[in-house]
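Visitor: I have a model open and would like to learn how to read it. Where do we begin?

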Amino acid sequence: EELFDSSTEMKPISKICLKTNNISWKAEGKKEYKYLDLSSVKRNDNKIISYSVVNCDNAPSRAKKFIIERDVIFATTRPTLKRAAIIDKTFNNNICSTGFVVLRSKGDVKPDWIYNFLFTKKFISRMEKLQRGASYPAVSDNDVKNTMIPLPINSSKELLSLEELNKVKGRVKNLKHDYNNKIISLNELKKSILEKAFNGELTSAA
């Protein structure tokens, strides 16, 4: 969070991103596309885990937004779930749901910088205030694009900050791994103690 707060220049996200297009299915004929819907992005690690193949005959009504490699997508439906991803080459020139806003960097700011900003308390707090609807709270694309994002005053600062962010993520990942291993060990110990108890192998201290 501090990496973003320390930046001095502020701009709306829209100012650092290009406009994106929607598909016209009538013009596509029977051409098939890989389609990402909201469930395609795994919440705990934000990896794209699934997709469907669609064409003009079977495409859902929300299958409209073109995506290319290095686009950042963020789910505007239930935004506080923090469902976001960076598009890799597997899904280059394919489509995603209108339940995502597509953020395509103009090139001055790296997609990773935009992506990481979407997980900050400042951004999520704004989305929580702006979301509308009870059953399926959502924000609009413009709500996201009009959000002010702190920008590094030079590219070297951005590169340094992203490197620091990646180091922090690496440490968190290692801590999670160690924690999970400890949980597994404790569970195994618990099972062992219970097994001995059921077999009458535990004795009280004198």
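Guide: With a term. Two strands pair if DSSP finds at least two bridges between them. In this predicted model, strand 5 and strand 8 are joined by 4 bridges and run antiparallel. Ala63 stands opposite Ser97 in strand 8.

Visitor: Before going on, how many helices and strands does the chain have?

Guide: The chain has 6 helices and 10 strands.

Visitor: Back to strand 8. Which strand pairs with strand 8 in the parallel sense?

Guide: Strand 3, residues 33-36, pairs that way with strand 8, residues 94-97. The pairing runs over 2 bridges. Look for Tyr35, which stands opposite Ile95 in strand 8. Leu36 in turn stands opposite Cys96.

Visitor: In what order do the strands of that sheet lie?

Guide: The order is 4-3-8-5. These 4 strands form an open sheet, and the pairing is mixed.

Visitor: Which strands stand at the edges, and why is one side of each left without a neighbour?

Guide: Strand 4 (52-54) and strand 5 (63-67) are the edges. Each has a single partner strand, so one side of each has no neighbour in the sheet. Then read the twist: from one strand to the next it averages 45°.

Visitor: How should I think about side chains along a strand?

Guide: In a regular strand the side chains alternate between the two faces of the sheet. Keep that idea in mind as you step along the model.

Visitor: Which strands form the antiparallel open sheet?

Guide: That sheet also has a written order, 2-9-6-7, and holds 4 strands. Its edge strands are strand 2 (17-18) and strand 7 (84-86), each pairing on one side only. Strand 2 pairs with strand 9, residues 100-105, over 2 bridges in the antiparallel sense. In that pairing Leu18 stands opposite Arg104.

Visitor: Where is Thr20?

Guide: Thr20 sits in the loop between strand 2 and helix 2 (25-28). Leave aside its neighbours within four places in sequence, and Thr20 is in contact with Val102 and Arg104. Thr20 and Val102 are 82 residues apart along the chain, yet their C-alpha atoms are separated by 7.2 Å.

Visitor: Is Thr20 buried, partly exposed or exposed, and what is the cut-off?

Guide: Buried means under 20% relative accessible area, and exposed means over 50%. Thr20 has 23%, so it is partly exposed.

Visitor: Now the rings. How many aromatic pairs does the structure hold?

Guide: There are 6 aromatic pairs. One of them is Tyr33 with Phe66, edge-to-face, with 6.0 Å centre to centre and 70° between the planes. Planes over 60 degrees apart count as edge-to-face. This pair links distant parts of the chain: Tyr33 is in strand 3 and Phe66 in strand 5, 33 residues apart.

Visitor: What are the relative accessibilities of Tyr33 and Phe66?

Guide: Tyr33 has 4%, so it counts as buried. Phe66 has 24% and is partly exposed. Tyr115 and Phe119 also form an edge-to-face pair, 5.0 Å centre to centre and 70° between the planes. Tyr115 is buried at 12%, while Phe119 is partly exposed at 25%.

Visitor: Which residues form one aromatic cluster?

Guide: Trp25, Tyr33 and Phe66. You already know the edge-to-face pair within it, Tyr33 and Phe66.

Visitor: Which rings does Lys34 lie over?

Guide: The charged end of Lys34 sits over the ring of Tyr51, 5.4 Å from its centre. Lys34 also lies over the face of Phe91, at 5.8 Å from the ring centre.

Visitor: Last point. What is the accessible surface of the chain?

Guide: About 12,800 Å². Carbon and sulfur atoms account for 51% of that surface.

Key: Residues numbered from 1 in each chain as written. Predicted model: local features only at pLDDT ≥ 70, side-chain atom pairs only at ≥ 80, totals over all residues. Heavy atoms only, no water. Axes fitted to C-alpha atoms, helices over the stretch in contact; angles between N-to-C directions. Phe/Tyr/Trp six-rings, centres within 6.5 Å; stacked < 30°, edge-to-face > 60°. Buried < 20%, exposed > 50% of the residue type's maximum accessible area, 1.4 Å probe, protein only. Lys NZ or Arg CZ within 6 Å of the ring centre and 35° of its normal. Areas by Shrake-Rupley, 256 points an atom, 1.4 Å probe, with all protein chains shown as cover. Contact = heavy atoms within 4.5 Å.
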